[in-house]
Amino acid sequence: MSDTFFDPHQRSTIEAAMARIIPTDDTPGAREAGCIDFLERTLSGLDYLFAKPDGSGFEVLEGRTAQAWQTRLDIMRAKYVDGVRDLDARAERVGARDFASLDPERQDEVLRAVEGDAHAAPTTSTVSTGLAGPVSAEPALQQTSTETELDFLPLLVTHTRQGFYADPIYGGNRGRVGWDVIGFPGPASMKEVHDGTYTTLRYFAEGEAEKVREFHDGL
Amino acid sequence: MASKSKPQKADVCIIGAGASGAAAAKVLCEAGVKVVALEKGPWRTRDSFGGDELANINRYNLWPDPILNPRTWRETENDAARDEMFCPVPQMVGGGTVHWQGWLPRFTADDFRMRTVAGDLPGASLADWPLTYDELEPYYLKVEWAFGVSGEAGANAFESRRSGGYPCPPMPVSRYAQKFRQGCDALGWNSFPTPQAALSRPFNGRRATVVSAFAQQHGDPTGTRSSALNVFVPDAVATGRYDLRPNSYVRELALDRDGRIGAAVYQDEDGDTFEQEADVFILACGAMETARLMLLSRSGRFPNGLANDSDLVGRNVTFHEYSAAVGIYDDPVYAWAGGGYVSASTFQHYNHDASRGFVSGGHIAVAGVGIPLPINWRLPGTPSWGAEAKRIDREHYSHSLAVAMVLHDMPQHSNRVDLDDEVVDAWGLPVARTTLKPHANDLAQGRYLIDRGADILDASGAKSVTKVYADRVTGNCSHQHGTARMGDDPDTSVLDRWCRAHAVPNLYCVDGSPFPTGTGANPTLTIMANAWRVADRIVAERGR
């Protein structure tokens, strides 16, 4: 099963852009987390979209669900192919060979320009405002997003965040660096959540976990 | 079809196996009634759920996939409807209770007579319920004890009379609940541990609920939360009288010559069509899908949809709205612990108070801001990418919480669910189209409740407070009510006080669709209590 989608140039372009979305500073960023590998897996096909809940592998999609995801992948793949082309064209207009060869500050300028142009002529449905959190003007207080309705840059931002913070089984968050950056004491693996040994009671108010210790194996 | 025979007639056929359908099934089956349940979605077991925010929130593992189950929305009937995943609810055995954390406050006595309490509100279609709090009270207690609710009786100073306590003491106190209660205390406001669909200790042969971070909007791999899937479905199955058929999509309720429902016409996962006959039919699909199925069921007798003589099916729909004031603290509040919804609440601003200048009020409670990670969350007004976004993620993650509201949006005749005239689902049937514009009262009440949330944050020592006002109703609560309102007058209601259709004697609705008003509290406890009440009535009627 292939777990990649991009050609080498597309890959290095998107990896460079992701490194500006969650940059490396004194803590790891998108590059160290392997967000590009997360995205490669996502776009590669139907084989890595849903982890088995105990972390033992991936579900096989069938029937209508498989058809829906193929439709969704086709839409997202096209946005990435066009998006890379657009980033390179913008880089060429400022005299560079391509986006990846720009220095980070110039890359930020290009990304801001992409963002600004999208704001000027919004095609991202306002469906996502209030739902899609990281990419919309409104916070996501509840509910899921509709990724296929996002423009290229917000889609890339969404996927970068997913790759940074989602369970490492999806190919990003390598070595749990995303969780370490924000201080999330996540499970050692999905299995810990699945078998019920993962608990966050010790992050409750002082003394609360002690009171109920007898009821909880994981403490 | 050769290998499949016509299903045997049932005593009762329930469409849907979520909170209300499973509650009704439990009561009916335990009373000796043979029930066939037709559930559109799968019957998933706890093994199929995991701690996976990507799958559960972003990839429609639990939410309906909008490519397969689209919905549309428009503000008024003069606007073009656009695709919008309006007010989705998981479509599977257990329904919304599969992925919730279940805040289960009771409605108050005034909720059942808001028209009388508040008077006429221009533009709104406020109506009293045809039953009182006291009539429902015994059923609240039954559900709290059968389902397994952890809470503190008497702690909510604004609660109406209760005839007994909770089966379990409140859940352990989270740091975010502690902050909330400190803030309320400082303001002199009553607050209480949010009654929750979870077990703080073993109860009724079940283990205490595991306190994972992956809870809100995640299924429960441990089977320890209180849900229709974990409690009412097994109760009904244990009787041997519950024939629950998942992946069975009902397309139409067909009338017989006497004007009663004769059969539910459904399609199984192979695409084969069946007719399920029964004496009684109960709709429990959630208020949107219940209205949709009624509107899909056209006949010579009901050319505009089943039991829709009054043109009220789908109208007066209400959805609540969830929004919040967000606070940042110097000390950690770990609002992802326990999934972010092991909470505290106040009803201080719940009851109607004419001096505020708007009708009614709502439940205010504390919650986390990620589910549990900041994948799908960003503080408004902050950048979505770059060094600053990363700094905010890092510094806010364990230090932020939301004080949220449940908006009591007003019923309006023009707000409705009907059938979209262009968009169909993956099965080829017209989808639910929502026409909805908030009432000025909704916006005023929402601002007030968010402002009070901000007061709580300020009083509890938050170093920064961001208010997120709701400027429209997006259906983001997954709460649906009112599409088949109940009442005593057939000209102004679809269902009678027993939630039986005025126009069809063997048709009942037991989800949120009968609710004449949505109230300002989370509806599922009341939905289940009402379903139990109606099921009791059906049992009594059969005995006559």
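Predicted model: local features only at pLDDT ≥ 70, side-chain atom pairs only at ≥ 80, totals over all residues.
Figure 1. The label comes from UniProt, where an unreviewed entry lists residues 10-48 of chain B as "domain: FAD-binding". As for confidence, chain B has a mean pLDDT of 96, with 99% of its residues at 70 or more.

Figure 2. An unreviewed UniProt entry puts "domain: Glucose-methanol-choline oxidoreductase N-terminal" on residues 85-320 of chain B. Here the end C-alpha atoms are 16 Å apart, and the chain is 23% helix and 13% strand over residues 85-320 of chain B. Then there's "domain: Glucose-methanol-choline oxidoreductase C-terminal", again from an unreviewed UniProt entry, which takes in residues 411-531 of chain B. That span, residues 411-531 of chain B, is 23% helix and 18% strand, and its end C-alpha atoms lie 22 Å apart.

**Figure 3. A helix crossing in chain B.** Zoom in on helix α4 (residues 133-148) and helix α10 (residues 524-543) of chain B: their axes come within 8 Å and cross at roughly 110 degrees. An angle from 65 to 115 degrees counts as roughly perpendicular, so that's the word for how α4(B) and α10(B) are set against each other. On the α4(B) side, the residues to look for are B:L136, B:Y139, B:Y140, B:K142, B:V143 and B:F147. They meet B:L525, B:M528, B:A529, B:N530, B:W532 and B:R533 in α10(B). Sorted by class, this α4(B)-α10(B) contact has 9 nonpolar, 1 polar and 2 charged residues.

**Figure 4. A helix pair in chain A.** Over in chain A, α1(A) and α6(A) pack with their axes 10 Å apart, at an angle of about 75 degrees. That angle makes α1(A) roughly perpendicular to α6(A). From α1(A) come A:A17, A:M18 and A:I21, which meet A:L156, A:V157 and A:T160 of α6(A).

**Figure 5. Where the two domains of chain A touch.** Chain A splits into domain 1 (8-183) and domain 2 (185-219). In this view, 8 residues of domain 1 of chain A are in contact with 5 residues of domain 2 of chain A. The domain 1 side of that contact has 4 nonpolar, 1 polar and 3 charged residues.

**Figure 6. Chain A against chain B.** At this interface, 59 residues of chain A are in contact with 66 residues of chain B. On the chain A side, the elements giving two or more residues are α1 (8-21), α4 (63-93), α6 (152-165), α7 (177-182), α8 (190-194) and α9 (208-211). The top contributor is α4(A), with 5 residues. For the complex, the predictor gives an ipTM of 0.95 and a pTM of 0.96.

Figure 7. The mean pLDDT of chain A is 89, and 87% of its residues reach 70 or more. Residues 122-142 of chain A are where pLDDT is below 50, although the stretch has 64 contacts in the model beyond near neighbours in sequence.

Note on methods. Residues numbered from 1 in each chain as written. Chains lettered and ligands numbered in written order. pLDDT = per-residue confidence, 0-100. Domains from an automatic or database assignment. Contact = placed C-beta atoms within 7 Å. Nonpolar A, V, L, I, M, F, W, Y, C, P; charged D, E, K, R; others polar. Helix = DSSP H or I, 4+ residues; strand = E, 2+ residues; numbered from the N terminus. Axes fitted to C-alpha atoms, helices over the stretch in contact; angles between N-to-C directions. Parallel < 35°, antiparallel > 145°, perpendicular 65-115°, else oblique. UniProt positions renumbered as here; feature names shortened; annotations may be inferred.
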